[in-house]
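Trainee: I'd like to learn how to read side-chain features off a model. Could you walk me through one?

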Amino acid sequence: MHIVYCRAKGCNNKRVLKRNVMAETCFFPIPDPKKKPKLCKQWLHNLGTGIDFRTYKYQRYNAICEEHFEEDAFLEDIEAKIMNLPRQRKILKEDAVPTIFSHRKIRKRRLRTERRLEAKRKREV
């Protein structure tokens with residue numbers, strides 16, 4: 001039995017791997033730097049954990065949960081659809097990169113910009 005933790009900074013999702021049990025949250029391994037160096041480098045950069053691409057060693061349990069991917073990063077599970085399975089598994093597109101992280105700050109507008117927009121709204125009314 002293995003436990004997979006999401007490697008994204010600030011994410012506490014984990015999954016206990018058991019045979020023939022489908023988890024509620026899907027995890028995707030960080031790409032192998034020997035097979036897909038550009039994609040691996042992009043993933044590691046986006047993670048924000050400080051893992052260096054040059055020293056990273058691939059392990060299939062170094063993974064990221066589905067919550068860090070946009071909806072359009074997944075393929076449709078046609079096999080499950082044809083078989084009318086109640087739950088479809090998440091299939092990641094080949095070039096998908098995680099982009100949703102809580103450690104990334106949402107940029108605030110400058111106070112001057114806020115005042116200008118507020119004045120513009122008042123003039124329109």
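Mentor: We'll go through aromatic pairs, a histidine, salt bridges and a surface patch. Keep in mind that this is a predicted model.

Trainee: Let's start with the rings. How many aromatic pairs are there?

Mentor: The count comes to 4 aromatic pairs. Take Phe28 and Phe74: their ring centres are 5.9 Å apart, with 45° between the planes, which makes the pair tilted. Phe28 belongs to strand E3 (residues 27-29) and Phe74 to strand E5, so this pair ties together parts 46 residues apart in sequence.

Trainee: And what geometry do Phe69 and Phe74 show?

Mentor: That pair is edge-to-face, at 6.1 Å centre to centre and 65° between the planes. The cut-off for edge-to-face is over 60 degrees. Phe69 counts as buried because its relative accessibility is 3%, and Phe74 is buried too, at 11%. Phe28, Trp43, Phe69 and Phe74 form one aromatic cluster.

Trainee: Now the histidine. Is His68 buried or exposed?

Mentor: His68 is buried, with a relative accessible area of 6%. You'll find it in the loop between strand E4 (63-65) and strand E5 (74-75). Its side chain reaches the backbone oxygen of Ile100 at 2.7 Å. Beyond its neighbours within four places in sequence, His68 contacts residues including Cys6, Cys11 and Phe101.

Trainee: On to charges. Which side chain does Glu94 meet in a salt bridge?

Mentor: Glu94 meets Lys36, at 2.8 Å from N to O. The two sit in distant parts of the chain, 58 residues apart: Glu94 in the loop between strand E6 (91-92) and helix H3 (111-124), Lys36 in the loop between E3 and helix H1 (37-47). Glu94 is exposed at 61% relative accessibility, while Lys36 is partly exposed at 34%.

Trainee: Last one, the surface. Which residues make the nonpolar patch of about 430 Å²?

Mentor: Ile78, Ile82, Met83 and Leu85 make that patch. Start from Ile78, in helix H2 (residues 78-82): its relative accessible area is 52%, so it counts as exposed.

Conventions:
Residues are numbered from 1 along each chain as its sequence is written. This is a predicted model: local features need pLDDT of at least 70, side-chain atom pairs count only at pLDDT 80 or more; totals for chains, interfaces and linings use all residues. Side-chain values use heavy atoms; hydrogens and water are left out. Patches are made of residues with over 30% relative accessible area and no salt bridge: like charges are joined within 9 Å, nonpolar side chains (Val, Leu, Ile, Met, Phe, Trp, Tyr) within 5 Å. Accessible areas come from the Shrake-Rupley method with a 1.4 Å probe; for residues, only the protein chains shown count as cover. A salt bridge is a side-chain nitrogen of Lys or Arg within 4 Å of a carboxyl oxygen of Asp or Glu. Helices (H or I, at least four residues) and strands (E, at least two) are DSSP runs, numbered from the N terminus. Buried means under 20% relative accessible area, exposed over 50%, partly exposed in between (1.4 Å probe, protein chains only). A polar contact is a pair of N or O atoms within 3.5 Å; within protein, one must be able to donate a hydrogen and the other to accept it, and residues adjacent in sequence count only if both atoms are side-chain atoms. Contact means heavy atoms within 4.5 Å. Rings of Phe, Tyr and Trp (its six-membered ring) pair if their centres lie within 6.5 Å; planes under 30 degrees apart count as stacked, over 60 as edge-to-face and the rest as tilted.
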